[in-house]
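Subject: Structure handover

Hello,

Here is the structure for you to look over. My notes on it follow below.

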Amino acid sequence: MEETKKLAEWLAGLRYEDLPKDVVDFTKRFILDDVGCILGGALQLGNKALLRDVLASGEKGECTVPVYGCKTSAPSAALLNGAFLCGWDYDSSALGGSHLGSQTAAVLAMAERELADGKEAITAECAGIEVQCRVGINHGYGTEFPYPWHSNTLLGPFAAAAATGKILGFDAEQMENALAIATHNLGGNYQHYYGWGSSMKRIRCGIGAWSGVRAALLAGEGIEGPKEALEGPGGFLEAMNGRAEDGTPFYDSGLIVEGLGRGGTP
């Protein structure tokens, strides 16, 4: 147990110097790929509509909206970044975490707001990817996985919360609260696969990023989340994965921290 706490402790202690060179190089390519996706997705009609809605809110202009050059708040910039990024469905994927865009969407916004340097941005990006994959490996863990949740809004908030927490310099307690708060604004289903005409397929990555940034900002203000938010009896894994009729869980909480900090993967 205590997987959420252990994960938060590792995240808080992660430093750029801990990252192997091949990981740093891959992460740079990862971010570059996501930026390219953002440039293309920014032109979609649904995403232009989202931009109009964001600008109409008149939020504080602290982060730049790519392509258009206007400014909005960090959470809303992450929302737009993520929606643009997922626009043509070419955003990156990895084991346990398809559509790994929410952490990049958050990093681009928060790094600008906090004047973070390149090393800090890369470290935050790695943190977000690691969290999404480790939590997401349980998404469909059993052979009878019954629930059609989608990764953008189910896992993206964790990636964005972890990335934002790294840029803000969170300690282990703050990081744990950020992850816990993120569990309270999740969702997203697969209905878009059964028909056409839904702009939400693209926008959901932005919603995941927005949710994660907001979770971290709330944690930074001292809001506390529940302990054992991922692995607890009423926590994320239980709620989103469920159990078989015989009570066998469709998840293994130990995978969240398996090999953590030792160069291993779940």
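Arg113 is partly exposed, as its relative accessible area is 30%. (Buried means under 20% relative accessible area, exposed over 50%, and partly exposed in between, with a 1.4 Å probe and protein chains only.) Arg113 forms a salt bridge with Glu62, with the closest N and O atoms 4.0 Å apart. This pair links distant parts of the chain: Arg113 is in helix H5, Glu62 is in the loop between H3 and strand E1 (63–64), and 51 residues separate them. Glu62, Arg113 and Glu114 are linked in a network of salt bridges.

Before you go further: this is a predicted model, where local features need pLDDT of at least 70, side-chain atom pairs count only at pLDDT 80 or more, and totals for chains, interfaces and linings use all residues. Residues are numbered from 1 along each chain as its sequence is written, and side-chain values use heavy atoms, with hydrogens and water left out.

Salt bridges

A salt bridge here is a side-chain nitrogen of Lys or Arg within 4 Å of a carboxyl oxygen of Asp or Glu. That rule gives seven salt bridges. Among them is Lys21 with Asp25, where the closest N and O atoms are 2.8 Å apart. Both residues lie in helix H2, four residues apart, about one turn of the helix. Lys21 counts as exposed at 63% relative accessibility. Asp25 counts as partly exposed at 30%. Another salt bridge joins the side chains of Arg243 and Glu238, at 3.0 Å from N to O. Arg243 is partly exposed, at 40% relative accessibility.

Helix H2

Helices (H or I, at least four residues) and strands (E, at least two) are DSSP runs, numbered from the N terminus. H2 covers residues 21–41, and its 21 residues should span 30 Å at 1.5 Å a residue. (The expected span is 1.5 Å times one less than the number of residues.) The end C-alpha atoms of H2 are 30 Å apart, which agrees.

Which residues of H2 are buried? They are Val24, Thr27, Phe30, Ile31, Asp34, Cys37, Ile38 and Gly41. They sit on the same side of H2, because they cover an arc of only 140 degrees around the axis. (The arc is that of the directions from the helix axis to the C-beta atoms.) The face turned away from the buried side carries the exposed residues Lys21, Asp22, Arg29 and Leu32. The cover over the buried residues of H2 includes helices H3 (45–56), H4 (74–85), H5 (102–114) and H6 (118–136).

Helix H4

Two residues here are worth a look. Leu79 lies in H4 and is buried, with a relative accessible area of 12%. Contact means heavy atoms within 4.5 Å. Not counting residues up to four places away in sequence, Leu79 touches Leu50, Val54, Gly206, Ile207 and Trp210. Ser76 is also in H4 and counts as buried at 7% relative accessibility. Leaving aside neighbours within four places in sequence, Ser76 is in contact with Val54, Glu59 and Trp210.

Helix H10

H10 (residues 200–220) has 21 residues. From first C-alpha to last, H10 reaches 29 Å, close to the expected 30 Å. Gly222 follows H10 and has a positive phi, near 100 degrees.

Leu43 lies in the loop between H2 and H3. At 53% relative accessibility, Leu43 counts as exposed.

Best regards
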